[in-house]
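Below is a short briefing on a few contacts in one protein model. Please look at the sequence and the structure first, then read the points that follow.

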Amino acid sequence: MLRKAFLAIIAVGSLSVVTLAQQPPPPPPAYPPPGYPQQQQPGYPQQQQGYPQQQGYPQQPGYPAQGQPPYGPQPPLLAPQQLDQLVQRIALYPDPLLAQILTASTFWNQIPDAANWIDRHNYLRGDELSRAIYEDNLPFDPSVLALLPFPSVLDMMARDPGWTQALGGAVLTQRPDVMDAVQRMRQVAMNYGYLQTNADYRVMVGGPGDIEILPINSGLIYVPYYDPLVVFVAPRRGFFIGSAISFGPGVFVGAFAPFGWAGPALAWRTHEIFIDHRPWSRTWVNRGTYAHSYAVPVPRAVGPRVEHHESREYRDRH
């Protein structure tokens, strides 16, 4: 009797081991981290075609309408290691473009629709694109409009809405920590030799925590392309460091000065973001009422959005 009971226990234990071995590994952590509030934005009817919600990510949230009280609790603060991972994909972007991305991420609910619009109007460039933004009465915040000349950036943000939401929430609740994380990642890339001055950008070190990446020509912005799994680790023997970061075509931003391109900058020591030479002061608390002060006021869309320009299928991307 005892021998039969012992054999039964072994059989059950073996079955449990097999069952556990057959279970798939747990999925990798997704953005946003657990605890982010799920919000709904009234009055944002634009259909977001072409950028469906990715499996495993939450439904795209939004912000309250102008003048309405904010919804939901403040998102949880992220630890330094989480912030380092969060900013890796944009840490080596030039300061002016990074300033626009940080501010636009706080309007994450507008990003997919903006990406769809520029996909359908990818044939527009420069002054034509700037004029189309006004004529089509686009309702996006100027910080989002400022990214329309950079379809690849909007595409990155729209295809990973959880990451964009997490970044925007962190910018609103712990902006100094976000900027410090960018500096940590820049220092790592510099230590390994990846981040250095080139024909398009100057890398300037003003002291600890003050590494600037500035365009040679302030009106010409290049989007860098790199793999965070490469540039933030020690290079393997024989690897050509100069091939780790490449650049897309230059984008002239002079036509988009009204959307903050007249003077976007990052003050690393004081943890300030400057858009159009003015400190950008949007936070989680004032996000429902804050309107940035521009040197030249940006005309706000009044009435329904319209389509004055031909929509074409997506062909190319910066």
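R184 and D84 form a salt bridge (a side-chain nitrogen of Lys or Arg within 4 Å of a carboxyl oxygen of Asp or Glu), with their closest N and O atoms 2.8 Å apart. This is a predicted model, in which local features need pLDDT of at least 70 and side-chain atom pairs count only at pLDDT 80 or more, while totals for chains, interfaces and linings use all residues. Residues are numbered from 1 along each chain as its sequence is written, and side-chain values use heavy atoms, leaving out hydrogens and water.

**Salt bridges**
- The count comes to five salt bridges.
- R184 lies in helix 8 and D84 in helix 2, 100 residues apart; helices are DSSP runs (H or I, at least four residues) numbered from the N terminus.
- D84 is buried (under 20% relative accessible area), at 15%.
- D155 and R159 form another salt bridge, with the closest N and O atoms 2.8 Å apart, and both lie in helix 7, four residues apart.

**Helix 2 and helix 8**
- The axes of helix 2 (residues 80-87) and helix 8 (residues 161-191) come within 8 Å and cross at roughly 100°; axes are lines fitted to C-alpha atoms over the stretch in contact, and angles run from 0 to 180 degrees between N-to-C directions.
- The two helices are therefore roughly perpendicular, a term for angles of 65 to 115 degrees.

Definitions and conventions:
Parallel < 35°, antiparallel > 145°, perpendicular 65-115°, else oblique. Buried < 20%, exposed > 50% of the residue type's maximum accessible area, 1.4 Å probe, protein only.
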